[in-house]
Amino acid sequence: MRKCSLDKINSVFSEISKEAKLYLPINQNDGSAAYKEWEEGASWSEALNTVRSPKDFFFPQMENLMEFKTEGKNIEVIDTRSETEDFVIFGVRGCDVKSFEILDRVFLTEPVDSYYASRREKGIIVSTACTKPAETCFCKTFDISPEEPEGDITTWKTETEIFFKANTPKGEALLEKLSGITEECDETKVNEQKEKISAIMNKLPLKDLRADAFGGGKTDEFFNHSAWEELSGSCLGCGTCTFVCPTCQCYDIKDFNTGSGVIRFRCWDSCMYSDFTKMAHGNNRLTQKERFRQRFMHKLVYYPENNDGLFSCVGCGRCLSKCPISMNIVKVMKKIGGKEA
Ligand code: SF4
Ligand code: SF4
């Protein structure tokens, strides 16, 4: 384990940015935080989390896949990918780090999504333990550790120092580059920090929320539950919950005619939208109730059924704070799971 004084954090960022593009949460004018590329003078945000999750780095909201040029009856297919550079995402919270595993199981399973795979290969994740968890946090429900998040490097921030622990060869190589700024240390202060975080977690309002009622094999139990009607009754179908969610991974692929060719692109889609997966025969989910149910059944039943029991929610709390009608997965879990608060 290594550490340095927080006074030297800009030197740390400067050193990392010599090796690779560095992104970290930076305060925005509206008071929120967003991942931005670090440049001299930029400060690491104190915010617990960013509005948009770091999934954008591996699965961007919009990306060109390929281009077609036509001449007479000839079609030329052009690979529009540019070589992805190495990059570092700094300050990722435990919930968001876990979301990458959930996305990996979708995009890195055969047939592998090569666009996603190349970004995962180039990206280095530096996580940060949560010193100030929010009332909307419930990562513990899914056995995620805010005290010691995963990632290539884990960091802990105190009032005066920052501690670094490398977890992977990529992390070790990066930490080695910081050896001139950091110094070897023991884990005493980190262990104290972990205890403080656990104490805060044990006081949060959602500390007792359990996911035990859900999981694979529960489709028959929950699919026709009478509460879906009421829960989905006010849903606007705005898709906000899916766009802020670090684990939502639905997308659409479309062609855009440029006049001199066609660009094929993909962009995030939402199962909450009325035209989601609309096909020639029409839409397979005709009501908002069906669409709403699909989102939560996928996170709590279908995904774990196909992924060794892993839920596709990480308890980040973004949908709790962003839904315009205050509907969210916690309310669904309590109502459908039989433990309404
Ligand atoms: S649950 Fe909330 S955020 Fe999600 S689509 Fe419905 S109204 Fe929008
Ligand atoms: S469903 Fe909500 S709490 Fe769960 S990961 Fe998505 S945004 Fe976060």
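1. Let's start with ligand 1: the residues around it are C235, L236, G237, C238, G239, T240, C241, M272, C323, P324, I325 and M327. A residue gets on that list if its C-beta atom, placed from the backbone, lies within 6 Å of the ligand. This shell divides into nine nonpolar and three polar residues, with no charged ones. For those classes, Ala, Val, Leu, Ile, Met, Phe, Trp, Tyr, Cys and Pro count as nonpolar, Asp, Glu, Lys and Arg as charged, and the others, Gly among them, as polar.

2. A word on what you're looking at: this is a predicted model, where local features need pLDDT of at least 70 and side-chain atom pairs count only at pLDDT 80 or more, while totals for chains, interfaces and linings use all residues. Residues are numbered from 1 along each chain as its sequence is written, and chains are lettered from A and ligands numbered from 1 in the order in which they are written.

3. Now ligand 2, which has 13 residues surrounding it; C245, C313, C316, R318 and C319 are the closest. Its shell splits into eight nonpolar, three polar and two charged residues.

4. Next, helix α2 (94-107). Helices here are DSSP runs (H or I, at least four residues) and strands likewise (E, at least two), numbered from the N terminus. α2 has 14 residues and reaches 20 Å from first C-alpha to last, close to the 20 Å expected at 1.5 Å a residue; the expected span is 1.5 Å times one less than the number of residues. The buried residues of α2 pack against β6 (87-92) and β7.

5. Take a look at K98, which sits in α2. Is K98 buried or exposed? K98 counts as buried because 27 other C-beta atoms lie within 10 Å; the cut-offs are 20 or more for buried, 12 or fewer for exposed and partly exposed in between, with C-beta atoms placed from the backbone. Leaving out residues up to four places away in sequence, K98 touches I144, E150 and V314, contact meaning C-beta atoms, placed from the backbone, within 7 Å. The C-alpha atoms of K98 and E150 are 7.4 Å apart, though 52 residues separate the two along the chain.

6. Finally, some backbone spots to check. The E110 to P111 peptide bond is cis, with omega near -5°, and P111 lies in the loop between α2 and α3 (114-122). D143 isn't a glycine, yet its phi is positive, near 60°; D143 counts as exposed because it has 11 C-beta neighbours inside 10 Å. S326, also not a glycine, has a positive phi of about 55° and lies in the loop between α10 (318-322) and α11 (329-336).

Terms used: Two residues are in contact if their C-beta atoms, placed from the backbone, lie within 7 Å.
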